[in-house]
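Hello,

Here is the structure I promised to pass on. Have a look at it first, and then read my notes below.

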Amino acid sequence: MLKITPTAKSLADSPKKFTRLLLTEEPLANHRFVESAEGTTTYKMGVGKWSKIDARSFRTIIRSIIQAAKSHKVESLAVDFSVLNFSSLKNYGESWVASTIAENFLLANYEFTTYKTGKKAKDNLKEILITNLSSKEAIYGLKRGITLGEYTNQVRDIANTPACDMSPTNLGDAAKRLASGTKVQVKVLKEVDIKKLKMGALLAVGGS
């Protein structure tokens with residue numbers, strides 16, 4: 001699972017293992033790696049004119065960052081929150097920006113690999129350090145985005161699991177696990193309850 005960690009420190013203070021992401025106003029096709037004499041690596045990524053970035057294109061940029069990192073086999077990535085907090089998104093507030101970043105990082109990184117073999121774990125993006133993030137509003141938004149992204153991905157796992165493994169009983173158990181620790185109440189109907197409700201189609205599908 002992708003780990004997202006906030007820090008009040010600057011991008012320059014990131015540990016050497018982190019590839020530093022540098023966004024530029026160059027065209028979207030402009031991507032390149034730069035290695036310094038000190039041994040740090042920087043990934044320069046063009047996103048176009050910042051003044052033209054709206055909420056929709058912002059989400060696309062966040063997801064593109066993940067795609068680029070994975071394609072270059074980057075395991076640890078450092079991202080500057082102050083740079084991602086574009087002036088064109090000022091009206092949305094830091095909480096929304098941080099939440100959108102975290103949620104879309106996790107959604108873009110999702111892969112359903114339960115039935116795959118031979119996948120090299122070392123090729124996965126493992127952690128993202130978000131620097132220059134310290135305000136209570138931004139930290140709250142980041143936590144919210146992580147929650148949304150992680151739970152959405154868990155639901156994706158359920159939806160992607162074939163019926164031969166995700167039986168009605170297993171689906172009920174999965175729903176209970178997802179709701180555990182929340183105020184959500186889950187009631188799993190037994191066969192007799194379903195018959196009383198005359199849900200014949202559901203019984204037929206569940207028994208197939």
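Helices (H or I, at least four residues) and strands (E, at least two) are taken as DSSP runs, numbered from the N terminus. Please keep in mind that this is a predicted model, in which local features need pLDDT of at least 70 and side-chain atom pairs count only at pLDDT 80 or more, while totals for chains, interfaces and linings use all residues. Numbering starts from 1 along each chain as its sequence is written, and side-chain values use heavy atoms, with hydrogens and water left out.

Let me start with Glu103, which sits in helix α3. Glu103 has a relative accessible area of 22%, so it is partly exposed (buried is under 20%, exposed over 50%, partly exposed in between, with a 1.4 Å probe and protein chains only). Beyond its neighbours within four places in sequence, Glu103 contacts Gly145, Leu148 and Gly149 (contact means heavy atoms within 4.5 Å).

Now to α4. This helix has 25 residues and spans 36 Å from first to last C-alpha, close to the 36 Å expected at 1.5 Å a residue (the expected span is 1.5 Å times one less than the number of residues). Its buried residues include Gly141, Leu142, Gly145 and Gly149, and the buried residues of α4 pack against β1 (3-6), α2, α3, β6 and α5.

Helix α4 (residues 136-160) packs on helix α5 (residues 168-179) at about 175 degrees, with the axes 11 Å apart (axes are lines fitted to C-alpha atoms, for helices over the stretch in contact, and angles run from 0 to 180 degrees between N-to-C directions). That is why α4 counts as roughly antiparallel to α5 (over 145 degrees). On the α4 side the contact involves Tyr151, Gln154, Val155 and Ile158, which meet Leu171, Ala174 and Leu178 of α5.

Strand β6 is worth a visit too. Thr131 is located in β6, and Thr131 counts as buried because its relative accessibility is 0%. Among the residues Thr131 touches, beyond four places in sequence, are Thr7, Lys9, Ser10 and Asp80. Thr131 and Val184 are 53 residues apart along the chain, and their C-alpha atoms are 34 Å apart.

Technical notes:
Parallel < 35°, antiparallel > 145°, perpendicular 65-115°, else oblique.
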